Amino acid sequence: MKKNNRGFLLAESLVVSTFVLTILILLYIQFSNLTTNYKNSYNYNNVESIYSLSSIAKYLEANNNDLLSKLSEAKPYVMIYNKNEETGEIQDCNSEVTTDAFCGTFLNKIGAKTVIYTYSDISYIQKYISENEDSNIKQSFREFISKVETASVQNKGRIFAEFDNGTYATIAVDAVSEVAEPPITPPTTEIIGGQEVAVVTEGDGLYADINESSKYIYRGSNPNNYIMFNNELWRIVSKETDGTYKIIKKDFLSETQAFDTANNRSADKNTYCTSPQNGCNVFAAVSGNFSTPDNSHTGTVTEDSSIKKYLNETYYNSLSSTAKTQITPHSFNIGVVDILKNAEEDSIANNIADEKMYTWTGNVGLINVSDVLKASTNSSCTSASYQYKWLSGEDTASICDSNYLTEMNNAKPYWTINGLSGEGLSESNWNWKLNIFEKDSTKLVLSNTNSNYSQYGNILPVVYLNSSTLLTGTGTESDPFQIH
């Protein structure tokens with residue numbers, strides 16, 4: 001009996017020891033991850049390195065260096081400054097863009113190790129370092145560049161820097177050249193739902209998105225982007241960078257609705273919504289404060305709009321069981337768009353940056369303002385500001401016709417997911433909503449209306465299909481894509 005007790009105690013000790021060892025290993029892993037995250041938060045874009053990089057940017061801008069014209073897809077960066085890793089001596093001080101004195105008296109003293117200039121769209125430099133072994137860009141520097149996420153800005157470049165103290169930083173810098181993208185031969189085909197679809201550069205059809213790399217969009221009056229979903233006709237808006245398909249219902253839901261009904265959200269819980277009786281133009285609740293792009297109006301938004309609740313509860317529950325399995329929850333960009341910028345300051349790229357300030361992830365949303373702009377093949381359709389000002393009679397040349405998203409449903413207006421903002425608007429205007437509208441009977445523009453106004457509140461739901469979606473058919477209205 002004693003022998004059995006000793007055996008039991010030995011087994012029990014082994015079990016306890018194994019359990020304790022497992023706990024210690026898990027704690028070590030968690031501590032290691034925490035240490036790594038802390039180290040990265042200190043090493044990447046800290047105040048000191050950003051300040052140093054800002055000084056470098058000001059020097060490059062002041063000396064009118066047209067660096068952007070020196071870039072190419074084959075080599076999407078210009079070396080500004082580089083030190084020998086072993087000796088610490090200056091190895092490369094680019095005489096075309098700086099001077100020996102600047103390198104020696106400033107860059108060397110601030111502890112710069114490597115400084116490069118690249119496109120604002122950092123996907124090019126990220127692709128380059130993933131495919132090429134470049135001795136000028138060491139492994140730790142490559143890791144930093146590969147982890148950066150930032151929106152590209154038209155006619156801006158970007159500088160990256162590595163410092164002797166192991167910190168890294170990146171900021172945008174003004175460019176002289178008006179060429180904001182490298183000369184890239186567009187792809188001739190793209191796989192849509194398992195099918196090879198031609199990529200065009202004019203007329204109706206599928207285009208490579210020049211505003212967001214690795215994304216494909218349908219443009220024109222009537223491209224072949226019809227798809228059957230939930231036993232109804234929808235349109236494919238885009239193939240996203242993650243491979244999912246963004247689709248929009250072709251026909252309106254049976255009843256019009258306000259974007260946000262009067263007093264749906266309480267003023268004390270939603271301080272951004274200054275006039276709850278007029279509704280509020282933010283689609284869904286966000287964490288922290290919600291702000292306009294120029295930070296002129298901020299506040300909390302802790303409750304959802306009435307249209308968001310309807311789409312993701314009543315409408316979603318009405319979908320067939322098959323349709324629900326074909327939807328993938330996705331991030332929607334719900335920031336408000338500044339529509340009162342000067343024309344020379346605005347662009348679709350800036351509108352996209354406004355939209356991406358805040359996101360919501362869910363099943364059913366609405367179309368983005370930028371989607372509407374990009375769907376037009378009219379070269380004058382360049383920003384939300386152009387459209388708003390044209391409606392006011394300031395810019396009669398800018399229209400967004402040749403656009404299936406504005407020509408569906410006999411050009412009647414419908415809600416977008418993004419609200420509008422702009423310096424000088426009164427408090428009640430913060431609760432306006434961009435929608436598709438009609439001017440002079442034939443020309444279609446982005447307009448505005450109060451969020452609680454339901455008369456023109458038509459609804460075209462938007463969902464995302466899985467990246468693994470397989471399609472048959474040609475995408476015409478008579479032979480729409482079928483999901484398999």
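A disulfide is a pair of cysteine sulfur atoms within 2.5 Å. This tour of a predicted model comes back to that cut-off at C273 and C280, which form a disulfide with their sulfur atoms 2.1 Å apart.

**Whole chain**

Start with the whole protein chain selected. The chain has 484 residues, and 50% of them count as buried. Its secondary structure consists of 11 helices and 23 strands. Among contacts with a separation of 6 or more, 66% are between residues 24 or more positions apart.

Now colour the chain by pLDDT. The average is 82, and 78% of the residues score at least 70. Next, select residues 31-42, where the pLDDT is below 50. Beyond near neighbours in sequence, this stretch has two contacts in the model.

**The disulfides**

Select the cysteines next. How many disulfides does the structure hold? There are three. Counting bonded cysteines along the chain, the pattern is 1-2, 3-4, 5-6.

Go to C93 and C103, where the S to S distance of the disulfide is 1.9 Å. The two cysteines link distant parts of the chain and are 10 residues apart. C93 belongs to strand β2 (residues 90-93), while C103 belongs to helix α3 (residues 100-107). The angle about the S-S bond is 85°, and the link of C93 and C103 is right-handed. Both C93 and C103 are buried.

Move on to C273 and C280. Is their link left-handed or right-handed? The angle about the S-S bond is -75°, and the link of C273 and C280 is left-handed. C273 and C280 are both buried.

The remaining stop in this part is C381 and C400, a disulfide with its sulfur atoms 1.8 Å apart. C381 is in the loop between α9 (369-374) and α10 (384-391). C400 is in the loop between α10 and α11 (404-407). This pair also joins distant parts of the chain, 19 residues apart. The link of C381 and C400 is right-handed, with 85° about the S-S bond. C381 is buried, as is C400.

Which residues make the contact? On α4 they are I125, Q126 and I129, and on α5 they are R142, I145 and S146.

**A buried lysine**

Select K374, which is in helix α9. Is K374 buried or exposed? Buried means under 20% relative accessible area. K374 has 4% relative accessibility, so it counts as buried.

Now show what surrounds K374. Not counting residues up to four places away in sequence, K374 touches D209, N211, E212, K215, I217, R219, I348 and I352.

N230 is not a glycine, yet it has a positive phi of about 55°. N263 is not a glycine either, and has a positive phi of about 60°.

The loop that holds N230 runs between β10 (226-229) and β11 (232-239). N263 sits in the loop between β12 (245-249) and β13 (289-291).

Which of the two is buried, and which is exposed? N230 is buried, because its relative accessible area is 16%. N263 counts as exposed, because its relative accessibility is 55%.

**A leucine and its contacts**

Stay with the loop between β12 and β13, and select L253 within it. At 14% relative accessibility, L253 counts as buried.

L253 and P461 are 208 residues apart along the chain, but their C-alpha atoms are separated by 8.2 Å. Which residues is L253 in contact with, leaving aside its neighbours within four places in sequence? The contacts are Y310, L311, Y315, I459 and P461.

Note on methods. Residues numbered from 1 in each chain as written. Predicted model: local features only at pLDDT ≥ 70, side-chain atom pairs only at ≥ 80, totals over all residues. Heavy atoms only, no water. pLDDT = per-residue confidence, 0-100. Contact = heavy atoms within 4.5 Å. Helix = DSSP H or I, 4+ residues; strand = E, 2+ residues; numbered from the N terminus. Buried < 20%, exposed > 50% of the residue type's maximum accessible area, 1.4 Å probe, protein only.
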